Amino acid sequence: MNNICDCPVCGGSSPLLDVVDFNKSCMEANGEFLDISGTPVYYSLCNNCGFCFAPELLSWSMEQFKEHIYNDTYVRVDPDYIETRPRQNSENLINSFGNRAYGIKHLDYGGGNGHLSRLLNESNWKSTSYDPFTNTEADINTIGKFDLITAFEVFEHVSDVKQLMSNLKTLLAAKGIILFSTLLTDGNIQKNSRINWWYASPRNGHISLFSRSSLTLLAKQYGLNFGSFSAGFHIFFTELPEWADHMVKK
Ligand SMILES: [Zn+2]
């Protein structure tokens with residue numbers, strides 16, 4: 001494989017940074033280790049925007065992801081994805097938006113089996129779930145436009161960042177917001193330093209790791225504004241709608 005490739009975000013020169021075992025998982029943060037697989041996974045780091053990615057896995061087909069990552073044993077490395085995370089996310093959204101949510105259309109992008117949307121709809125939201133992995137028949141050009149799009153634990157899993165951004169832009173209403181979670185690499189991944197960050201885990205499908213600078217660039221490329229509430233929770237928006245103005249401190 002080439003030891004330098006182009007950054008999928010900005011086109012910048014991206015030398016290989018390090019190599020980890022395919023079975024490196026986020027559970028290592030809790031002291032739980034899978035057997036070493038023997039399959040190396042390289043990560044590259046963009047010299048320009050700080051985007052860090054696994055070039056080989058970025059070229060995988062959906063079938064390869066289903067076979068090697070999102071398979072029957074995925075739950076071992078991400079036990080919260082079925083119930084705990086959707087429930088927490090729904091509670092957080094309901095608490096955050098309260099009555100403001102009732103007039104808006106919500107899309108949970110990358111919503112897997114649709115559990116978050118179901119929970120929100122039980123609380124009288126108008127929520128739809130879309131996941132490119134499970135809703136393979138759906139045409140994103142016909143599912144509509146949404147005022148609020150959430151993408152929890154999506155960005156770090158995508159193999160085609162530009163496709164993701166283009167999809168989100170297509171689905172976003174003229175005056176809408178995208179709330180998304182992904183942990184920033186800032187302070188966790190750097191040049192001339194080995195990868196020892198728990199989040200950089202191929203077994204979890206964490207193949208695209210964003211710096212603040214790379215998200216700022218992406219936002220610009222797609223005519224969006226970008227802001228962060230924390231190191232792991234962010235917003236893209238065109239123009240902040242009134243029902244979301246409470247999210248930004250005045
Ligand atoms: Zn870059």
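Mentor: Start with helix 5, which is followed by Asn124, a residue with a positive phi near 70°. Helices here are DSSP runs of H or I with at least four residues, strands are runs of E with at least two, and both are numbered from the N terminus. This is a predicted model, where local features need pLDDT of at least 70, side-chain atom pairs count only at pLDDT 80 or more, and totals for chains, interfaces and linings use all residues. Residues are numbered from 1 along each chain as its sequence is written, and side-chain values use heavy atoms, with hydrogens and water left out.

Trainee: What makes the phi of Asn124 worth a remark?

Mentor: Asn124 is not a glycine, yet its phi is positive, about 70°. Most residues other than glycine have a negative phi. Asn124 sits in the loop between helix 5 (115-122) and strand 6 (126-130).

Trainee: Why is Asn124 called exposed?

Mentor: Exposed means over 50% relative accessible area, buried means under 20%, and partly exposed is in between (1.4 Å probe, protein chains only). Asn124 has 58%, so it counts as exposed.

Trainee: And Glu153, what is its class?

Mentor: Its relative accessibility is 28%, so Glu153 is partly exposed. Glu153 also has a positive phi, near 55°. Its loop runs between strand 7 (146-151) and helix 6 (161-171).

Trainee: Which residues of helix 5 are buried?

Mentor: His115, Leu116, Ser117, Leu119 and Leu120. Their cover includes helix 4 (84-97), strand 5 (105-109), strand 6 and strand 7.

Trainee: How do you know which atoms hold the zinc ion?

Mentor: Donors are N, O and S atoms within 2.8 Å of the metal (3.2 Å for Na, K and Ca); water is not among the atoms, so sites may look incomplete. The SG atoms of Cys7, Cys10, Cys46 and Cys49 lie at 2.3 Å, and they coordinate the zinc ion.

Trainee: Why is the site called tetrahedral?

Mentor: Four donors count as tetrahedral if all angles lie between 85 and 135 degrees. Here the four donor atoms give 98 to 118°, so the zinc site is tetrahedral. Cys10 lies in the loop between strand 1 (4-6) and strand 2 (13-21), and Cys49 in the loop between strand 3 (40-45) and strand 4 (52-53), so the pair ties together parts 39 residues apart in sequence.

Trainee: Is Cys49 buried or exposed?

Mentor: Cys49 has a relative accessible area of 3%, so it is buried. Cys10 has 28%, so it is partly exposed.

Notes
Tetrahedral: all angles 85-135°; square planar, octahedral: opposite > 155°, others 65-115°. Contact = heavy atoms within 4.5 Å.
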